[in-house]
Amino acid sequence: MRTAKDRFVVLGADFAGFPLKEAVKQHLIERGWTVEDVTPTLESADMYHRVGFLLGSKIAEREYEKALAFCGTGMGTHIAASKVPHVHAAVAETLPAARRAATANNANLLAMGAFWTAPRLAMAMADAFLEASLGDDHEEWDGFLAYHLIGYEECERFDYESYRSNGFQ
C-alpha cells in the first residue's frame, strides 16, 4: 500500500473541482509528494459520483492509504466514495475540520468543494489531512484514541442488515 507517511496520495475531480484539484496537486508535488491523478485532464474528469467510486476503489483495494476528492461542494464525491467498502470519507471546509477528520475520525478520503474553498485553504487542508494520523494532538484527552478507535472499528464492520434484524441496536 502507498502510504501518506511515505508521501503517496491519489486524487481526482469532476469538472467543477478540476481547477482546485490542479492547484492542490501542484502544491503537493512541489512539497515532494508522489501524486496519482485519476483525472489528469479536464476531458477525463468523469461525473462526481464516478470519481468518488474510483478514488474509493483505490482505498478499498489497498493501493493507497489516503485520497483527496474534489467536486463543486465536496458532497457528491464524498457520498459516492462512502459507498465503497473501507472508505471513511469526510468533507471539510476549514483547516481544523480537515485535520480533525484524520486525527479523530481516521478518515482516509477528504473531499473539498471548489465552489467554497480557495486554493490556498485547500492546500493547507490537504497538508493537514495528509500529515495527520488518528490520535495526533490529543494526548491531553485521556482515552481519546481508545474512544475513537471504537467508533472507527464499529463503522468499519457495520452491517445494516444485522443492525436492522437486531431491532436497530
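This is a predicted model: local features need pLDDT of at least 70, side-chain atom pairs count only at pLDDT 80 or more; totals for chains, interfaces and linings use all residues.
Colleague: What is the volume of the second largest pocket, and which residues are closest to its centre?
Modeller: The second largest pocket has a volume of about 230 Å³. It is lined by 17 residues, and those closest to its centre are His88, Ala89, Ala101, Asn105 and Ala107. By class, the lining has eleven nonpolar, five polar and one charged residues.

Colleague: Staying with Ala101, where does it lie? Is Ala101 buried or exposed?
Modeller: Ala101 lies in helix 4. Ala101 has a relative accessible area of 4%, so it counts as buried, the limit for that class being under 20%.

Colleague: And what separates Ala101 from Gly52?
Modeller: Their C-alpha atoms are separated by 17 Å, and the two residues are 49 residues apart along the chain.

Colleague: Now the largest pocket. How much space lies in it?
Modeller: About 440 Å³ of space lies in the largest pocket. Helix 2 (48–60) and helix 6 (144–156) are the elements that give two or more residues to its lining.

Colleague: Which residues lie nearest the centre of the largest pocket?
Modeller: Of its 23 lining residues, Met1, Glu65, Asn106, Asn108 and Tyr152 lie nearest the centre. The lining of the largest pocket is made up of twelve nonpolar, four polar and seven charged residues.

Colleague: Changing topic, how many salt bridges are there?
Modeller: The count comes to ten salt bridges. One of them joins the side chains of Lys25 and Asp37, at 2.9 Å from N to O.

Colleague: Which parts does the Lys25 and Asp37 pair tie together?
Modeller: Lys25 lies in helix 1 (residues 18–30) and Asp37 in strand 2 (residues 34–37), so the pair ties together parts that are twelve residues apart in sequence. Both Lys25 and Asp37 are buried.

Colleague: Which residues are linked with Lys25 and Asp37 in a network?
Modeller: Lys21 and Glu22 are linked with Lys25 and Asp37 in a network of salt bridges.

Colleague: Which residue does Glu131 form a salt bridge with?
Modeller: Glu131 forms a salt bridge with Arg31, and their closest N and O atoms are 2.7 Å apart. This pair links distant parts of the chain, 100 residues apart: Glu131 is in the loop between helix 5 (119–130) and helix 6, and Arg31 is in the loop between helix 1 and strand 2.

Colleague: Why do Glu131 and Arg31 count as partly exposed?
Modeller: Glu131 is partly exposed because its relative accessible area is 40%, and Arg31 counts as partly exposed because its relative accessibility is 34%.

Colleague: What about Asp46 and Arg50?
Modeller: Their side chains meet in a salt bridge, at 3.2 Å from N to O. Asp46 counts as partly exposed at 34% relative accessibility, and Arg50 counts as partly exposed at 43%.

Colleague: Last topic: which residues form a nonpolar patch on the surface?
Modeller: Phe158, Tyr160, Tyr163 and Phe168 form that patch, with about 420 Å² of accessible area together. Phe158 is found in the loop between helix 6 and helix 7 (160–165). With a relative accessible area of 49%, Phe158 is partly exposed.

Note on methods
Residues are numbered from 1 along each chain as its sequence is written. Side-chain values use heavy atoms; hydrogens and water are left out. On a 1 Å grid over the protein atoms alone, a cavity is a set of points where a 1.4 Å probe fits but cannot get out, and a pocket is an open set with protein on both sides within 12 Å along at least five of seven lines; lining residues have an atom within 4 Å of a point. Grid points are joined across faces, edges and corners, and a volume is the space filled by probe spheres set on the points. Helices (H or I, at least four residues) and strands (E, at least two) are DSSP runs, numbered from the N terminus. Ala, Val, Leu, Ile, Met, Phe, Trp, Tyr, Cys and Pro count as nonpolar, Asp, Glu, Lys and Arg as charged, and the others, Gly among them, as polar. Patches are made of residues with over 30% relative accessible area and no salt bridge: like charges are joined within 9 Å, nonpolar side chains (Val, Leu, Ile, Met, Phe, Trp, Tyr) within 5 Å. Accessible areas come from the Shrake-Rupley method with a 1.4 Å probe; for residues, only the protein chains shown count as cover. A salt bridge is a side-chain nitrogen of Lys or Arg within 4 Å of a carboxyl oxygen of Asp or Glu. Buried means under 20% relative accessible area, exposed over 50%, partly exposed in between (1.4 Å probe, protein chains only).
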